[in-house]
Amino acid sequence: MTMNPVTRHRVLVQGAPVDGSYPERAPEASRGEVLRITVVGEDILHRSCKPASAEFGTAELSQLIDDMFVTMYVAEGAGLAANQVDVDLRLFVYDCSDDDGVRHVGHILNPVVEQGADSEERRLLEAGEGCLSVPGPHFDLNRPAKAVVRGQDKNGAPVVIEGTGYFARCLLHETDHLNGLLYVDRLTKRERRGVLQEMHDIMDGVFARRVERAKAIGAVEKGKKAE
């Protein structure tokens, strides 16, 4: 999901408030390397991802999360799912502000969206939505105003993440990814064609900006050494 330029005030990491200051980019990003982001049409984006189990507590999982954070920042995203970096795993990372300016940072594995019963969870908000795997375009889409997602952290401990407004949209967008859905799959055929045409017209410029941003923040592409 693409970044929402909201002023950030309070910070919650893994759903818990942070005392004191928090860096511009999550610490995980400093340990990560940039991965290639998959693009709409690639098979891994259009099928459900496998649940995490044996991966919990491993160095490989921690490294993947680090890599996903820096990849998300390079692409100027607010969330990134594992299948967007060609990994078949129910995992996403996020750094996203809600409509009140509260910044939410973290990761979640095996996310399940609770079926809400209160009026806020049933209320729909229409807003522009974009996707790092549909590089460039945005399109207005209805999403619930509130979302609650239950899952696990990288060590297998249970986590519950709640979001409202734009952050609720982020949580639902990323969970959709792990179920094999992109936001364009929720559009009419005509709307989808228009978005994909716009993507093809501007995606080269989007990719070029990602390269420049990687250089600007000193990020290294996976498998390549820094100059």
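1. Asp-66 is buried, at 5% relative accessibility (buried means under 20% relative accessible area, exposed over 50%, partly exposed in between, with a 1.4 Å probe and protein chains only). Its side chain meets that of Arg-31 in a salt bridge, 3.1 Å from N to O (a side-chain nitrogen of Lys or Arg within 4 Å of a carboxyl oxygen of Asp or Glu). The pair links distant parts of the chain, 35 residues apart: Asp-66 sits in helix α1 (residues 59–74), Arg-31 in the loop between β2 (16–17) and α1. Helices (H or I, at least four residues) and strands (E, at least two) are DSSP runs, numbered from the N terminus. Arg-31 counts as partly exposed, at 46%.

2. A quick note on provenance: this is a predicted model, where local features need pLDDT of at least 70, side-chain atom pairs count only at pLDDT 80 or more, and totals for chains, interfaces and linings use all residues. Residues are numbered from 1 along each chain as its sequence is written, and side-chain values use heavy atoms, with hydrogens and water left out.

3. Next, Asp-95 and Arg-103: their closest N and O atoms are 2.8 Å apart, in a salt bridge. Asp-95 is buried at 0% relative accessible area, and Arg-103 is buried at 5%.

4. Glu-129 and Arg-143 also pair up through their side chains, at 2.8 Å, N to O.

5. Across the whole structure, the search finds 15 salt bridges.
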